[in-house]
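Me: I've got a protein model here and I'd like to talk through its charged side chains. Can you take my questions one by one?

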Amino acid sequence: MMQKNAWARTWARSRALQVLIITTAALITLAALESAGQDPSDLCEADIAFTFEASFGGGRSHQVYQTLDGALLFEAPLAINTDGAPNSYHPRGRPAGALNTVCNGVNIYVPPDYRERVDYRQCSRLIALFNQARDAQWLGEGVPRVDWYGIASVGEGEPERYLPCIVEEGPYAGYFVSTTALLADASADRCSQERYVNSLTVPAYVVPGRSDFGRFGARIGDVGVAFNPNNGISSPFVIGDVGPTFHLGEGTLALAWHLLETAPIEVPTRVDVANAQISNDLRIVILPGDPMRSPITGDQVRNAVEARLAEWGTSERLDACLNRSLP
């Protein structure tokens, strides 16, 4: 059953205003500039900062532009990052209702010397080794060791770092605690799902790890605006996580639902995740400034973006950047 939570109701009330700002105002502004003989892109002067070479899905080159004051502009479709959702990972995997496979949340070190690492590139083997570790309660001689990077571990030392955090009560009891780089509530325990940015409720974007995005100023907690040219809808976002080095264009379910004008789903399934992916290119603008810190909610992201835009420039400037030609 599709239900709107508080975040969805807030966005529903402001949707008409946002559509007006991004479509009508943008068209009026750009038409006025063109009639005056001024190139609309003059309001959004930017040069190519770097080229991101994506090897995922057949490979693609993304030109990333940067304005003089540090904003980053680029185009990419949107895959879904479920990390931070309370039903993202489960010890029994997708058959138990998990939205994601553990191949996207763990690495496995193989006994007896634990030098060999198995990752997402050998997903079937990883799952088989993971199941061995799970059935052995994660510890013991000859048991594969799990490196939890998308799932919270009980601690950092030995043997705590090999033990996963599992939700103990509530509707998601039995699921793993799924982590994000940005903390929604830094005061919460590391084994509390509330500590991490929830993919279901917070519009967040993912930047590739160990890439030029960091070198050119994009940080966890930075904010921006995503624009869907297919329907004229925009959404604020916060950079909430770091993704694989080989892929650009990933965000939370909350971000995708807003860009698609789809009502949030309280307990989504894998089918809902697939339906939320956006295959057409979105226009992404990452804005410079102080990054957001805990606490992080959907409303706070919206407020932070509005405040950043007020400092960064006029609505005409944002319109120009959202509509700027990016060869």
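Me: Which residue forms a salt bridge with Arg 161?
Reply: A salt bridge here is a side-chain nitrogen of Lys or Arg within 4 Å of a carboxyl oxygen of Asp or Glu. In this predicted model, local features need pLDDT of at least 70 and side-chain atom pairs count only at pLDDT 80 or more, while totals for chains, interfaces and linings use all residues. Residues are numbered from 1 along each chain as its sequence is written, and side-chain values use heavy atoms, with hydrogens and water left out. For Arg 161, the closest N and O atoms are 3.0 Å apart, and the partner is Glu 158.

Me: Is Glu 158 buried or exposed?
Reply: Buried means under 20% relative accessible area, exposed over 50%, and partly exposed in between (1.4 Å probe, protein chains only). Arg 161, at 37%, is partly exposed. Glu 158 has 52% relative accessibility, so it counts as exposed.

Me: How far apart are the closest N and O atoms of Glu 116 and Arg 125?
Reply: Glu 116 is partly exposed, with a relative accessible area of 35%, and Arg 125 is partly exposed too, at 34%. The two form a salt bridge, and the distance between their closest N and O atoms is 2.6 Å.
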